[in-house]
Amino acid sequence: DNNGGYTNSICVDREVLILFSVVPRTKGEPLLRLRNLDGDAFGEEQVELRPGLAQEDVDRARGWAKYVAGAVIACEEVAAIKDWPSAMHGVVTSSCPAGVGLSSSHALGICVLGGLFEAAGLTGAISPVLELRSAQRVEHLAGVRSGLMDQGSMIFGVRDAILHGRFYDLKMQ
């Protein structure tokens, strides 16, 4: 996937779940408040962020908070979101252990992006390829030079099926 070739992948039976609400936001208020219900496993219990973050903010964040901060920047850079009429408040939990190669950070990034797209009023308006590019940007901001296969598997994958990806033109089947 890093070289624009073909991949075959499957989804695993693990998940990251974010339960959130979208609430009206006034200028200066946080864009995002997330509480990690798995604090013992993933550290950093709560994250509160405002729009307009920079790479330095991601670098200062620890653990899962890096990916949450990266999602805010990816929305603004890749999806070109400039106006945040609403905020995202919620909790996150996971059955996917961190650091064991099951793409827990990819799953977290995709979940946070989905909530932020909704907070921006763009539910259903973001193409899967734009979501894929945004998810990759989250990883790159956090310092992980990932390709697109793991995120593509999560966005385009179907239970009990193999996903064939063509990364030179971003076609999935």
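A: The protein exposes about 9,000 Å², and carbon and sulfur atoms supply 50% of that area. Accessible areas come from the Shrake-Rupley method with a 1.4 Å probe, and for residues only the protein chains shown count as cover. This is a predicted model, where local features need pLDDT of at least 70 and side-chain atom pairs count only at pLDDT 80 or more, while totals for chains, interfaces and linings use all residues. Residues are numbered from 1 along each chain as its sequence is written, and side-chain values use heavy atoms, with hydrogens and water left out.

Q: What share of the residues counts as buried?
A: Of the 173 residues, 44% count as buried. Buried means under 20% relative accessible area, exposed means over 50%, and partly exposed lies in between (1.4 Å probe, protein chains only).

Q: How many helices and strands are there?
A: There are six helices and seven strands. Both are DSSP runs numbered from the N terminus: helices are H or I with at least four residues, strands are E with at least two.

Q: Which residues have the most contacts inside the largest nonpolar core?
A: They are L32, V68, L108, V112 and L116, in a core of 39 residues. Helix α3 gives the largest share of this core, 10 residues. A nonpolar core is a set of buried Ala, Val, Leu, Ile, Met, Phe, Trp, Tyr and Cys residues joined through side-chain atoms within 4.5 Å.

Q: What does V112 touch?
A: Leaving out residues up to four places away in sequence, V112 touches I18, L32, L34, V68, A71 and M88. Contact means heavy atoms within 4.5 Å.

Q: Changing topic, how many salt bridges are there?
A: The count comes to four. A salt bridge is a side-chain nitrogen of Lys or Arg within 4 Å of a carboxyl oxygen of Asp or Glu. One of them joins E77 and R137, with the closest N and O atoms 2.8 Å apart. E77 lies in helix α3 and R137 in helix α5, so this pair ties together parts that are 60 residues apart in sequence.

Q: Which residues are linked in a network of salt bridges?
A: R33, E48 and R50 are linked in this way. E48 meets R33 at 2.7 Å, N to O, and R50 at 3.9 Å, N to O.

Q: And R25, is it buried or exposed?
A: R25 is buried, yet it has no salt bridge; the nearest side chain of opposite charge, E29, is 6.0 Å away. The side chain of R25 does reach the backbone oxygen of E29 at 2.9 Å.

Methods
Lys and Arg count as positive and Asp and Glu as negative; His and the chain ends are not counted. A polar contact is a pair of N or O atoms within 3.5 Å; within protein, one must be able to donate a hydrogen and the other to accept it, and residues adjacent in sequence count only if both atoms are side-chain atoms.
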